[in-house]
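I opened this entry to keep track of what I looked up, residue by residue and then element by element. The notes follow the order in which I went through the model.

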Amino acid sequence: MSRRAFALALLCLLLACSSRVEVPYGTCRASALCAEATPQCIAFRNTVDGSNVPLCTRACATNAECPDDGVCIEILQGAHRSLCMQRCASVGARCPFTGGFCADVRAGDRACVP
C-alpha cells in the first residue's frame with residue numbers, strides 16, 4: 001500500500017469515528033453523541049412515511065427551557081411528555097433533518113417535527 005493510500009485509509013477511519021454533536025437538535029445514533037444542551041437521543045416516527053427519525057432533544061415545561069430559541073411541544077407518542085424541538089420560520093420551511101417539516105405546534109410557535 002502506498003503512503004497516499006494509507007493516509008487516505010487512515011483519514012476514512014478517523015471520519016468514521018463519531019464524536020459528540022455540538023449543535024442542538026441534530027440527528028443522532030445515541031444520547032452520548034448529542035450536544036450538551038440537548039442530551040437525549042429520541043427516536044420519532046415520521047408522520048408521513050413512517051420512517052424513524054432520531055433527534056437530539058431535552059425535556060421541558062416551557063419554551064424558555066429550550067436552547068437556541070427552541071419550542072417546547074407536547075409529544076403524544078408513547079408516554080405524554082414535552083420535548084424541545086427546533087424552531088422554524090414558516091410552514092413549509094426547510095428543516096435541517098431528513099423527514100422533518102415545519103408545522104404550527106400552537107398559536108405563534110412553529111417547529112421542525114418528524
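I began with cysteine 60, which I found in the loop between strand 2 and strand 3 (71-75); helices (H or I, at least four residues) and strands (E, at least two) are DSSP runs, numbered from the N terminus. This is a predicted model, in which local features need pLDDT of at least 70 and side-chain atom pairs count only at pLDDT 80 or more, while totals for chains, interfaces and linings use all residues. Residues are numbered from 1 along each chain as its sequence is written, and side-chain values use heavy atoms, with hydrogens and water left out.

Is cysteine 60 buried or exposed? I noted a relative accessibility of 12% for cysteine 60, so the residue counts as buried (buried is under 20% relative accessible area, exposed over 50%, partly exposed in between, with a 1.4 Å probe and protein chains only). Not counting residues up to four places away in sequence, cysteine 60 touches Glu65, Cys66, Cys72, Ile73, Ser82, Leu83 and Cys84, where contact means heavy atoms within 4.5 Å. I also looked up leucine 83, which is 23 residues from cysteine 60 in sequence and 5.4 Å from it in space, C-alpha to C-alpha.

Next I turned to threonine 38, in the loop between helix 1 (3-16) and strand 1. Threonine 38 has a relative accessible area of 0% and is therefore buried. I listed its contacts, leaving aside neighbours within four places in sequence, as Pro24, Tyr25, Cys56, Thr57, Arg58 and Pro67. The side chain of threonine 38 reaches the backbone nitrogen of tyrosine 25 at 3.4 Å.

I then followed the pairing of strand 1 (residues 40-45) with strand 2 (residues 52-57), which is antiparallel and runs over 6 bridges; two strands pair if DSSP finds at least two bridges between them. Which residue of strand 2 is the bridge partner of isoleucine 42? I found leucine 55 in that place, and I found proline 54 of strand 2 opposite alanine 43. The hairpin of these strands has 6 residues between them, and glycine 50 there takes a positive phi near 80 degrees.

The largest pocket has a volume of about 230 Å³. Strand 1, strand 3 and strand 5 (101-106) each give two or more residues to the lining of this pocket. I counted 14 lining residues there, with Thr47, Ile73, Ile75, Val113 and Pro114 nearest the centre.

Last, I took the overall figures: the protein has 1 helix and 6 strands, in the order α-β-β-β-β-β-β from the N terminus on. Of its 114 residues, 32% count as buried. Among contacts between residues at least 6 apart in sequence, 34% join residues at least 24 apart.

How values were computed. Polar contact = N/O pair within 3.5 Å; in protein donor to acceptor, adjacent residues only side chain to side chain. 1 Å grid on protein atoms, 1.4 Å probe; cavity = no way out; pocket = protein on both sides within 12 Å on 5 of 7 lines; lining within 4 Å. Points joined across faces, edges and corners; volume = space filled by probe spheres on them.
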